[in-house]
Amino acid sequence: MSVASVKGVRDLLPGEAERWQAAELVARAVFRAYGFAEIRIPIIESNELFVRSVGEATDIVEKEMFTFPDRHGELLCLRPEGTAPVVRAFIENKLYATDPVAKLFYIGPMFRYERPQRGRYRQFHQIGAEVLGVAEPLLDAEVLEMVVHLVGRLGVTGVELQLNSLGDARCRPAFLTALQGFLRSVRAELCGDCHRRLEVNPLRVLDCKNEGCQAVLARAPLVSEALCAECRAHYEAVKASLRQQGVAFVEHPRLVRGLDYYVRTAFELVATTGLGAKNEVAAGGRYDGLVRDLGGPDVPGMGFAIGMERLMALLPEGSSEPAQPFLFVASVGQTGEAAWRLMTELRHEGVPAEAGYEGKSLKSQLRRAHKLGALYVAILGEDELNAGQITLRDMKAQRQDAVPLARARQEIVARWASR
Ligand code: HAM
C-alpha cells in the first residue's frame, strides 16, 4: 500500500511551483521598492510564543495549533502565523538597537489544524510584512496602500479593502464591559465556546464562526463606536491618508480579526469574486503592545499577511510551464563524452541544456527534445565529430546548420542571449 500525504496539505508540482515562484518574485520586487528586507524565521517555535501573542482564548491557540513536546518535554509548535515569530526575532536579536524602524517581510508555510476545504489548508503559505517602530497613522495607510498595490501587481482584480478600528488599552476595557453585558443578556442563544469566551475574552465571541451566534451578534455594540479620542483621531487620519492616496476602502464596523494582539487599525482584503466562502486573501493590522508584551521595548507594530493559496487561486492560469531546456544535446554513436562536455559547458554559461540518458536512436532523441520543448538540438554524430563539426537544429524553423565544434559553445550562447 502506498503512503498518502497528510490531510489538509498539498504538493506543489512542477508547473504550479513555477507560478508560485513568479508571484514570489513580484512580491520581492515590491518589498524592495517599499524598503522591506527579508527575514527568515523558524518553522518551529515555543508554544508559549503564540499563547502570549495570538491569545489563549483564540481559535488558533485553542483548536488549531500543531503542538508537540520535544524529546525533553519542552512544548513546541509549528508556527500558525508569522507576526509573533518576527516580533520574537526582533526582540531576541535586538534589531531595535541598530535602527528604530524595522521593515521586514517573510514568505513561507504556516500550519493550522483547521477543517480543510477549498482555500483552507492545514499547511498553507503566507507572504507577510511587518513594520516595527512607527506609531503614526500615515504608516498604516502606507502599509495598506502597499498590500493593495502588491495584490494588484500580482494580477488580482476585484478585491475590497475592509477597514475597522479596534481601539486600544485605553478605550477597549469600557467597550469590553459593554460587550460582555450584551453577551450575558443573550447568553442562551450562544454556542458553548461563546459561553466560555464571553467571560475570558469577550471580543473573541464576535468572530465565532457559528451561524446562530453570528445572527445574535448582529445586535452587539460596535467597537468602532466606543473609541477614545486618540484612537478616533488615528482612525480618521488613516482614512484621510488612504483617500489622499486614492486607495479605495470600505468601513466594516464588525471586523474584529481572530488574533488578540490587534489594536486600532484592523483590515481584511476580501475577494469579491472567485474564491467562494474563504474569500479573505490578506489581513492584518496594528499591534502596538505586542513587542512589550513579549518582553521587548515598547515599540509599535503594523503588518499584514497574504494567503498564497487564495492569492494563486485568483490569478489567471497564465504560463505555468516548468523550465524548458533551450538546447537538447543528441548524441549518436560513441559521442557521449563530447555531448556531455558541451552540455556541461553550456549549463555553466547559464544555458538550460538537457540530454538523452540512454543511447537511443536520433529519431527518438528528437522526439524527446520536442516533448521537452527545446528550441535547439545539437546533434553530435561520430563522422561529424571526427570532421570537427556538430549539427545545430533549429526546432521551430526546422532548419539545421553545420557548426564547427570549436565554435559550438559560443554560437549557442549567442543564440540563447538573443532568444
Ligand atoms: P490571518 O488572518 O490569520 O492573519 O491570516 C492571514 C491570511 O492567511 C488570511 O487572510 C488567509 O488568506 C490566509 N490563511 C489563514 N489561514 C489559512 C488556511 N488555513 N488556509 C489557507 N490560507 C489561510 C495572520 O496570520 C496575521 N499574522 C497577519 C498579520 C501580519 N497581522 C499583522 N501582521
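How far does a backbone N or O atom of Gly307 lie from an oxygen atom of the ligand? The distance is 3.4 Å, and the table sets this pair beside two others, each a polar contact (a pair of N or O atoms within 3.5 Å).

| Backbone N or O atom of | Ligand atom | Distance |
|---|---|---|
| Tyr121 | nitrogen | 2.9 Å |
| Val281 | oxygen | 3.0 Å |
| Gly307 | oxygen | 3.4 Å |

The protein covers 97% of the 650 Å² of accessible area (Shrake-Rupley method, 1.4 Å probe) that the ligand has on its own.

This is a predicted model, in which local features need pLDDT of at least 70 and side-chain atom pairs count only at pLDDT 80 or more, while totals for chains, interfaces and linings use all residues. Residues are numbered from 1 along each chain as its sequence is written, and side-chain values use heavy atoms, without hydrogens and water.

Of the 26 residues around the ligand (a heavy atom within 4 Å), Glu81, Glu114, Arg257, Tyr262 and Glu280 come nearest. Strand 10 (280-286) is among the strands (DSSP runs of E, at least two residues) that supply at least two residues of this shell. Strand 10 gives the most, with 6 residues.

**Helix 7.** Arg172, Phe175, Leu179, Gln180, Phe182 and Leu183 of helix 7 (helices are DSSP runs of H or I, at least four residues) are buried (under 20% relative accessible area). Seen down the axis of helix 7, the buried residues fall within an arc of 165° (directions from the axis to the C-beta atoms), so they line one face of the helix. The face turned away carries Ala174, Thr177 and Ser185, which are exposed (over 50%).

Definitions and conventions:
Buried means under 20% relative accessible area, exposed over 50%, partly exposed in between (1.4 Å probe, protein chains only). A polar contact is a pair of N or O atoms within 3.5 Å; within protein, one must be able to donate a hydrogen and the other to accept it, and residues adjacent in sequence count only if both atoms are side-chain atoms.
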